[in-house]
Amino acid sequence: MTWFEIILAALKDNEVRLFAYVPDNILTPLVEGAAADTYFVSVGAAREDEAVGTVAGAYMAGLRGAALMQTSGFALIGNALGSLVVPYQIPAILIISERGTMGEFNIGQTLVARTMRPTLEALGVMYHTLADLATLRFILDRSIKQAFTTRAPVALILSPLLTGGNPASSGQLI
Amino acid sequence: MSTERSLAKTLNRMALTRRLVQRLTHEEAVVAGLGNTNFDLIAAGHRPQNFYMLGSMGLACPIALGVALAQPNRGVIALEGDGSILMGLGCLTTIANVKPRNLTVIIWDNGIYQITGKQPTATAGVTDIVAVARGTGIAHSEWVRDETHFDALIDRRFEDGGPLLLAAKIDDQPGQGQPLRDPVLIRAGFMKGLGTSRNGALDA
């Protein structure tokens, strides 16, 4: 199975049906896979904090969900985490495609990416960097289960080692 | 200023919130934005289906959208101030495209950031929030003309088959209730009200 097939399977295994996302190049096969599967309820959000809010509301009403974004989108959700998801103890599953590293060409991405893990640590949000196909299913399955049983959000960071990263990163050096 | 907006009577948020709550007879979920919006909601009498935000300004509508998607047979109402909705207008485009027929958005518009010192918002100037909402594709977006019109719109909110957005011009009277401060209790109580708690011994 590919990395995105494994993610979709792990979400299904744990009855995570809502897929709230802001589009991203790396996430495209994941988003398209969910959109093509009637099991998932896909919502394209205009901003990442909106996706987190929708996942929070859906969880409280009985529908488990994941919010998908890239690293720069994560930089927009600090308030949604710090004043909604974390204090209300809402198990939002955050799936973040990692930019800013391993061939990043956009200096803005490199800087904003450096704020992600310190932000997660400051808020006490558990995170895992997913870099290896062999351990992917295990980490996803156990992390999602832990999120729901302990009512805590989790951030699952998709490393370029797993996804291949942004295709533009492998272009000719100019 | 549009004719509809100029014809809207200036109303009172507390009075309208009471009218709203009196009309919620089917355990509708209400997601209230932070500050005066939720102070007045709690002053109208706590209901188990109320969710009170303590922060995350601008996310009442996205939260309510999530509730509406999870429980399509339950009416869901988002209450937001003008300052709050201006912080995340993009969510209206999402709601317009998802088209949850069980979602009603109510904007209390007094043209000020009331709780931070009454600084003017964009709606005090040229911005018409109903025109914005219609532009996003929420076709059923209305200025509330007066109390009777508000009642009528709330009572027939499902009849047009899509999400409904109401904007009411309100005065600058402060919220009347005492805010709740415990987010875990708010969340657990709301889940119990929606029938989604785990029914564990320690669940609220």
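Residues are numbered from 1 along each chain as its sequence is written, and chains are lettered from A, with ligands numbered from 1, in the order in which they are written. Because the model is predicted, local features need pLDDT of at least 70 and side-chain atom pairs count only at pLDDT 80 or more, while totals for chains, interfaces and linings use all residues.

**Stop 1: chain A as a whole**

Select chain A. It has nine helices and six strands; helices (H or I, at least four residues) and strands (E, at least two) are DSSP runs, numbered from the N terminus. Its radius of gyration is 15 Å, close to the 16 Å that the globule rule gives for 174 residues, so chain A is as compact as a globular protein of that length. That radius is taken over C-alpha atoms, and the globule rule is 2.2 Å times the number of residues to the power 0.38. Along the principal axes, the C-alpha atoms of chain A fill a box of roughly 50 × 35 × 30 Å. Of its 174 residues, 49% count as buried. A residue is buried if 20 or more other C-beta atoms lie within 10 Å of its own, exposed if 12 or fewer, and partly exposed in between, with C-beta atoms placed from the backbone.

**Stop 2: strand β6 of chain A**

Select residues 154-158 of chain A, which form strand β6. Five of the five residues are buried, so the strand is largely enclosed by the rest of the structure. Val154(A), Leu156(A) and Leu158(A) are on one side, Ala155(A) and Ile157(A) on the other.

Five bridges join β4 (residues 93-97) of chain A to β6(A), and the two run parallel; here Leu94(A) stands opposite Ala155(A). Five bridges also join β5 (residues 126-130) of chain A to β6(A), again in parallel, and Leu130(A) has Leu158(A) as its bridge partner. Two strands pair if DSSP finds at least two bridges between them.

**Stop 3: Ala9(A)**

Select Ala9(A), which is in helix α1 (residues 3-13) of chain A. Is this residue buried or partly exposed? Ala9(A) is partly exposed, with 14 other C-beta atoms within 10 Å.

**Stop 4: chain B and its sheet**

Select chain B, which has nine helices and eight strands. Its C-alpha atoms fill a box of roughly 55 × 40 × 30 Å along the principal axes, and buried residues make up 49% of its 204 residues.

Show the strands. Six of them form an open sheet in the order β2-β1-β3-β4-β8-β7, with parallel pairing. β2 (50-52) and β7 (140-143) of chain B stand at the edges with a single partner strand each, so one side of each is left without a neighbour in the sheet. The twist averages 15° from one strand to the next.

Within this sheet, six bridges join β3 (residues 76-81) of chain B to β4 (residues 103-109) of chain B; Ala78(B) is paired there with Val105(B). Helix α7 (residues 129-136) of chain B packs on the sheet and touches β4, β7 and β8 (164-169) of chain B. Its direction makes about 175° with that of β7(B). Axes are lines fitted to C-alpha atoms, for helices over the stretch in contact, and angles run from 0 to 180 degrees between N-to-C directions.

**Stop 5: helix α3 of chain B**

Select residues 36-43 of chain B, helix α3, where six of the eight residues are buried. Among them are Phe39(B) and Leu41(B). The buried residues pack against α2 (13-22), β1 (29-32), β2, β3 and β4 of chain B. After the helix comes Gly45(B), whose phi is positive, near 110°.

**Stop 6: where the chains meet**

Show both chains. How many residues of chain B are in contact with chain A? The contact involves 28 residues of chain B and 26 residues of chain A; two residues are in contact if their C-beta atoms, placed from the backbone, lie within 7 Å. On the chain B side, α4 (60-70), α6 (90-98) and α9 (183-193) each supply at least two residues, and α4(B) gives the most, with eight.

Finish on Ala64(B). Not counting residues up to four places away in sequence, Ala64(B) touches Gly57(A), Val31(B), Val76(B), Ala78(B) and Leu103(B).
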